[in-house]
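Work through the exercises below with the sequence and the structure in view. Each task is followed by a solution in steps.

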Amino acid sequence: MKIIVPMAGRGSRLRPHSLTVPKPLIPVAGQPIVHRLVKDIAKVLKQPIDEIAFVLGDPAFFGDDVVESLEKLATDLGAKASIYRQDLPLGTGHAIMCAKPSLSGPAVIAYADTLIRAEFDLDPAADSVIWTKQVDNPEAYGVVKLNANQEIVELVEKPENFVSDQAVIGIYYFKDVAILKEKLQQILDENVTNGGEYQINDGIKRMMADGKVFKTGTVDEWMDCGNKAITIETNARMLGFLKADGEEQLVATSAKLHDSKIIEPCFIGEHVVLKNSTVGPHVSIGNNSVIENSTVKNSLIQTHTTIKNANLDEAMIGNHVKYDGKFTSVSIGDYSVLE
């Protein structure tokens with residue numbers, strides 16, 4: 001089994017956090033988004049992963065440190081890491097085709113801005129599985145249309161009239177991804193675009209036209225990381241799941257508390273120092289950060305950051321930040337927000 005992960009986008013909706021860190025590597029509940037996604041997919045598949053192919057963007061942004069972290073992720077899962085580049089943002093289908101040498105055999109394709117919780121077996125009768133989530137407002141999503149045999153016969157983007165309540169979440173399984181490769185190559189050769197981009201859906205539609213059987217794999221939880229508010233919500237939900245699972249140590253043994261209290265669930269990284277502070281619930285604090293004389297809840301704070309004299313709720317703060325709630329001198333760069 002292979003996992004193909006297109007992650008070339010820079011994540012403009014998560015600025016300023018994605019100006020220096022690619023969005024898929026922004027940590028949620030203590031781990032980068034893409035790391036959690038790939039690990040959760042591997043857990044759902046319940047079979048060995050031979051290769052994980054990552055499609056990255058500009059090397060100036062997705063540099064050597066990004067490559068090293070992804071290679072380690074693959075190695076930890078017992079898989080080979082393959083690194084590809086998408087030089088131009090020409091759509092989902094184009095991104096997949098940038099990994100052309102890896103497009104053979106059974107594979108999962110997953111876009112790295114979402115997290116899931118799921119438990120199901122792949123249908124052996126299906127040529128492909130499109131993972132979906134039941135939603136209350138299907139008109140806001142791309143949804144699948146099903147026939148009487150519960151097979152997917154159409155993909156409909158933001159339907160004005162009810163088609164189904166099963167939204168496509170951006171994770172796909174192909175029994176032989178080489179068939180998708182063939183169809184996407186046709187799309188590229190014929191210059192078939194939507195909005196100026198080559199889309200995976202056009203390749204899938206051609207597979208359906210050939211009679212390939214598509215089924216749904218329904219996830220229990222679908223968590224987006226598209227913007228700051230949603231990412232904070234996802235962080236809170238993921239912390240709740242991890243606390244209930246009891247499989248991960250959420251508070252590092254090297255963390256030091258001085259007259260401070262942690263209200264679970266929280267992630268507290270290595271060598272974090274809490275002084276005269278209350279942290280939680282639903283807070284993630286990255287390694288080597290210091291929280292002093294503060295109250296922090298429902299927030300995500302990254303590494304090497306110092307927070308003093310603050311009362312924070314629904315805050316998202318990056319790396320190497322110094323924030324004093326009693327500030328009188330301010331130095332703030334582009335895209336920063338103080339509300």
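## Exercise 1: Helix α4

Among the elements that cover the buried residues of α4 are α3 (92-97), β6 (107-110), β11 (166-174) and α5 (200-209). Here contact means heavy atoms within 4.5 Å, and buried means under 20% relative accessible area, exposed over 50%, partly exposed in between (1.4 Å probe, protein chains only). Helices (H or I, at least four residues) and strands (E, at least two) are DSSP runs, numbered from the N terminus.

This is a predicted model, in which local features need pLDDT of at least 70 and side-chain atom pairs count only at pLDDT 80 or more, while totals for chains, interfaces and linings use all residues. Residues are numbered from 1 along each chain as its sequence is written, and side-chain values use heavy atoms, with hydrogens and water left out.

Task: state which residues of α4 are buried, and why they line one face of the helix.

Solution. 
- Step 1. Helix α4 spans residues 177-189, which is 13 residues. From first C-alpha to last it reaches 18 Å, close to the 18 Å expected at 1.5 Å a residue; the expected span is 1.5 Å times one less than the number of residues.
- Step 2. V177, L180, K183, L184 and I187 are the buried residues of α4.
- Step 3. Viewed down the axis of α4, these buried residues fall within an arc of 115°, so they line one face of the helix. The arc is that of the directions from the helix axis to the C-beta atoms.
- Step 4. Just after α4, N191 has a positive phi of about 55°.

## Exercise 2: Q185

Task: find which residues Q185 touches, leaving out those up to four places away in sequence.

Solution. 
- Step 1. Q185 belongs to helix α4. Its relative accessible area is 24%, so Q185 counts as partly exposed.
- Step 2. With residues up to four places away in sequence not counted, Q185 touches M97 and K100.
- Step 3. G93 is 92 residues from Q185 in sequence, and the two are 9.1 Å apart in space, C-alpha to C-alpha.

## Exercise 3: Strands β8 and β11

Task: trace the bridges that join β8 to β11 and to β12.

Solution. 
- Step 1. Two strands pair if DSSP finds at least two bridges between them.
- Step 2. In strand β8 (residues 128-134), 6 of the 7 residues are buried.
- Step 3. β8 and β11 run antiparallel and are joined by 6 bridges; K133 has A167 in β11 as its bridge partner.
- Step 4. β8 and strand β12 (residues 214-218) run parallel, with 5 bridges between them. Here S128 is partnered by F214 in β12.
- Step 5. β11 is also joined to β6, by 4 bridges, and these two run antiparallel. The bridge partner of I109 is Y172 in β11.
- Step 6. In β11, 8 of the 9 residues are buried, so this strand is largely enclosed by the rest of the structure.

## Exercise 4: Nonpolar cores

Task: name the residues with the most contacts inside the largest nonpolar core.

Solution. 
- Step 1. A nonpolar core is a set of buried Ala, Val, Leu, Ile, Met, Phe, Trp, Tyr and Cys residues joined through side-chain atoms within 4.5 Å.
- Step 2. The largest such core has 55 residues, and I41 and W131 have the most contacts inside it. Helix α1 (residues 33-45) gives the most to this core, with 8 residues.
- Step 3. Apart from this core lies another, of 26 residues, including Y84, I96, I109 and L184.
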